[in-house]
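Work through the following exercises with the sequence and the model side by side, and try each task before reading its solution.

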Amino acid sequence: MTSISIIGSGKMSGAIAEVASRAGAGIQIIKRSPTSTTAARPGLEYGVMGDELTGDLVVLAVPYGAYEGILEHYRDQLSEKVVIDISNPIDFSTYDRLRSPADSSTAAELAKLLPEGSAVVKAFNVNLGDTLVSGTNGTTRTTVLYAGDYADAKMSVAALIEAAGMRAVDVGPLTRARELEAMGFLQIIMAALGRTRYESGFTLLE
């Protein structure tokens, strides 16, 4: 199984670390500073911003607005890496729109900033953290939708998801990330309004 570096130490970082642990992957978590709190389990490998990335897969488990600062530290290291964008760029001041360009997505914008050889995969943004930790969504396996332009990169992400006991569904090229972000936006808004629960989510029936 591959190894994974997760940049960020919040709830989604902890949820994806749980996924990686079930999959048997090596896990590195990069925190902003040594004193940053973390939602991940103890006993994992921790580093701080600027430390070398050890994972074959790199998850950006931070808000999209933090990407620029991360790339200042890691742009060159991300060459030849599979970079997983999980962000949902919601305008939280209004809860009424996405902040990504109307004709693009955070994943597509990230791909423009990365060095040659990097491969961006949009994944996990439609999943609330609790469904990743449990591996179930109601009475079904958690479904993780993903999009990207490079087959090898998508196969690596799918292998991680499936090794963790969840269902991986390829929705197409990276241009589909825009639709995934709209789905993530809708799910978060519904949960915030109490129309659904944070332990629930979208799924595809098999």
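**Exercise 1. Strand β9**

Find which residues of β9 lie on one side and which on the other, and decide whether they are buried or exposed.

Solution. Thr143, Leu145 and Ala147 lie on one side of β9, while Val144, Tyr146 and Gly148 lie on the other, and all of them are buried, so that both faces of the strand are covered. Please keep in mind that this is a predicted model.

Next, determine which way β6 and β10 run relative to β9.

Solution. Begin with strand β6 (residues 119-123), which pairs with β9 in the antiparallel sense over 3 bridges, and in this pairing alanine 123 stands opposite tyrosine 146. Then turn to strand β10 (residues 167-170), which is parallel to β9 and is joined to it by 4 bridges; here valine 144 stands opposite alanine 168. Finally, follow the chain from β9 through helix α5 (residues 151-163) to β10, a β-α-β crossover that is right-handed.

**Exercise 2. Strand β4 and its partners**

Describe how the side chains of β4 point, and name the strands to which bridges join β4.

Solution. In β4 (residues 57-60), Leu57 and Val59 point one way and Val58 and Leu60 the other way, and all are buried. Strand β1 (residues 3-7) runs parallel to β4 and is joined to it by 4 bridges, with isoleucine 7 having leucine 60 as its bridge partner. Strand β5 (residues 82-85) is likewise parallel to β4, again through 4 bridges, and the partner of leucine 57 there is valine 82. To complete the picture, β4, helix α2 (residues 67-74) and β5 make a right-handed β-α-β unit.

**Exercise 3. The largest pocket**

State the volume of the largest pocket, and say which residues lie nearest its centre.

Solution. The volume is about 940 Å³. The lining consists of 34 residues, and those nearest the centre are Met12, Ala61, Val62, Pro63 and Tyr64. The elements that contribute two or more residues to this lining are α1 (11-23), β2 (26-31), α2 and α6 (177-192). Sorted by kind, the lining residues are 19 nonpolar, 11 polar and 4 charged.

**Exercise 4. An aromatic pair**

Classify the geometry of the pair formed by tyrosine 64 and tyrosine 67, and compare how accessible the two residues are.

Solution. The two ring centres are 5.0 Å apart and the planes make an angle of 70 degrees, so the pair is edge-to-face, since angles over 60 degrees are classed in this way. Tyrosine 64 has a relative accessibility of 28% and therefore counts as partly exposed, whereas tyrosine 67, at 2%, is buried.

Key. Residues are numbered from 1 along each chain as its sequence is written. This is a predicted model: local features need pLDDT of at least 70, side-chain atom pairs count only at pLDDT 80 or more; totals for chains, interfaces and linings use all residues. Side-chain values use heavy atoms; hydrogens and water are left out. Buried means under 20% relative accessible area, exposed over 50%, partly exposed in between (1.4 Å probe, protein chains only). Two strands pair if DSSP finds at least two bridges between them. A crossover is right-handed if, with the strands pointing away from the viewer, the path from the first strand over the helix to the second runs clockwise. On a 1 Å grid over the protein atoms alone, a cavity is a set of points where a 1.4 Å probe fits but cannot get out, and a pocket is an open set with protein on both sides within 12 Å along at least five of seven lines; lining residues have an atom within 4 Å of a point. Grid points are joined across faces, edges and corners, and a volume is the space filled by probe spheres set on the points. Ala, Val, Leu, Ile, Met, Phe, Trp, Tyr, Cys and Pro count as nonpolar, Asp, Glu, Lys and Arg as charged, and the others, Gly among them, as polar. Rings of Phe, Tyr and Trp (its six-membered ring) pair if their centres lie within 6.5 Å; planes under 30 degrees apart count as stacked, over 60 as edge-to-face and the rest as tilted.
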